Amino acid sequence: MPSESLNRDITRAWAYHNATKHSEWSIRATPHYLDWANQPLPMKIYTTLEPIVLPRDADQTGIAALSAISARIPDNGERIPSLGDLARFFFFSAGITKKKTFPGGEMYFRAASCTGALYEIELYLVCGDLPGVAAGVYHFSPGDFALRLLRRGDYRGVVGIQAPVVVVCTGTYWRNAWKYRARTYRHFGWDNGTILANMLAMTSALELPAAVCCNFVDSDVNRLLDLDTDREVAFSLVTIGQTDAPLPQAPPEMPKLDLPTVPLSESEVDYPEMRAMHEASSLEGAGIWGTGVHTRPPKSDIKVVAGFSPRSVYSDTIERVIIRRGSSRKFERKPITLEQLQTILSASTQGIPADFPPLNDLYLIVNAVDGLDAGAYSYDHQTARLDCLKRGDFRREARYLGLGQDLPGNAAADVFFLADLHSILERFGNRGYRAVQLEAGILGGKMYLASYAQRLGATGLTFFDDDVTAFFSPHAKDRSAIFLVAIGIGARPKNG
Ligand SMILES: Cc1cc2nc3c(=O)[nH]c(=O)nc-3n(C[C@H](O)[C@H](O)[C@H](O)COP(=O)(O)O)c2cc1C
């Protein structure tokens, strides 16, 4: 079947979605034990390429985190990122920000949260000549904070986007599937999204226009990076900067690279459902948004809620907040204020510059928010309004819905992302499934940052799919559960 008709066969996205739902029954019926001896490496390492080390001494932008999360930079004439800009947006979205030592070894944590700290998303740079960087295709390596040149020359024409910089985000199946099996394809969207939340905040602090693209020709981008697509695939793109210079023709040849990399682990387990989902949502030529390939960075249906202005009391810079961020491992059963909650919701939903419209709807379980009754709510991001669906203490239900973990039961509030998958898939085909997971990750990532900007804690969580829909029904009856973020007062570790 040609790819575009495959994209339109939405029974495939439904098959994947339904097969990867969590329920009490599915967790009991298919227990999974981690093979620690075969744990994959958390990063891609090219063994034969010289590192081009990025500068680590850039100044802080001085931009308050809440402003960086919520602001958007207008396209105001030419804006070409410099080497220092690249270093900053790569470091604060995917760089190593923390090291923890355990009895069994060391663990490196990154700027953005990631399911299981498995870091399956890789970043690549495709650029024309920039100040301090020659035109080329590069891999970003967080381990030694360096770029590695894969192809020399200006290949932006292959991607088809007229921007000085395109960041390609890929997902590596096995690195995450080692723990999460076939559900990993959803994780690609979430874990890519949290990285993009940080990247968009940093580009906004650096006054660089940026936009997220889901509409690209998969095979062209995968071939450009010379990916082994049974293992690693391009998932999303980000354009950064602005130029009016015409898009140069890509070099005529794009030979295979066959560059050696360190094997992720001794052996890999294949989960064909994820690859099938990827194939079903791949685009060849004409794309879902009409013209297929972009010639300019996309403009999206952005709405800006009037009157949102972050309070100056929370003035920590975006860099400080990203460095401070870490997923809460425990919440105190203490309330946050309504203003703090509104700030999180409002700052996170000011619009994502993307080639897809808003797709997720927000629902909340409020456990302990001063000034708001405990209960279940829906949130309208257009009007910044919370509507009570039912009042009551739902801590027990929140704990259950979050896979029986204590975190959502103890949190002050749990934000559930639900989406009308029927109309999304109808409109965008299977590609809409990628976009809805990615958007949830971006919104969730922004909520992390908006929480830590106010010295609160947050964590992403997984959930029992159909029970979430049932809990918020009848209001949510046609919606599917996509993601969950818990927010509250983070408990300090006893020995820390
Ligand atoms: C999409 C997503 C889902 C997550 N789900 C859970 C979860 O169910 N339980 C949990 O304890 N932590 C969860 N986490 C937190 C990760 O374990 C955490 O991000 C990772 O260990 C990296 O640590 P850090 O966020 O402190 O940098 C989730 C994070 C994300 C981004």
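The text below covers the ligand shell and then the strand order.

The model is predicted: local features need pLDDT of at least 70, side-chain atom pairs count only at pLDDT 80 or more, and totals for chains, interfaces and linings use all residues. Residues are numbered from 1 along each chain as its sequence is written, and side-chain values use heavy atoms, with hydrogens and water left out.

The ligand is surrounded by 22 residues (a heavy atom within 4 Å). Arg-325, Ser-327, Arg-329, Gln-405 and Phe-483 are the closest. Polar contacts (N or O atom pairs within 3.5 Å) include these:

| Residue (polar side-chain atom) | Ligand atom | Distance |
|---|---|---|
| Arg-325 | oxygen | 2.8 Å |
| Ser-327 | oxygen | 2.5 Å |
| Gln-405 | nitrogen | 2.7 Å |

Taken alone, the ligand exposes 620 Å², of which the protein buries 89% (Shrake-Rupley method, 1.4 Å probe). The shell divides into 9 nonpolar, 9 polar and 4 charged residues, with Gly counted as polar. β17 (457-461) is among the elements that supply at least two shell residues, and β17 gives the most, with 3. Strands are DSSP E runs of at least two residues, and helices are H or I runs of at least four.

An open antiparallel sheet has 7 strands in the order β1-β6-β5-β4-β7-β9-β8 (pairing needs at least two DSSP bridges). β1 (52-53) and β8 (210-213) each have a single partner strand, so one side of each lacks a neighbour in the sheet. β4 (121-127) and β7 (165-172) pair over 7 bridges, and Ile-121 has Gly-171 as its bridge partner in β7. Helix α5 (83-94) packs on the sheet, touching β4 and β7 among others (heavy atoms within 4.5 Å). The direction of α5 makes about 165 degrees with that of β4 (axes are fitted to C-alpha atoms, for helices over the stretch in contact, and angles run from 0 to 180 degrees between N-to-C directions).

How values were computed:
Polar contact = N/O pair within 3.5 Å; in protein donor to acceptor, adjacent residues only side chain to side chain.
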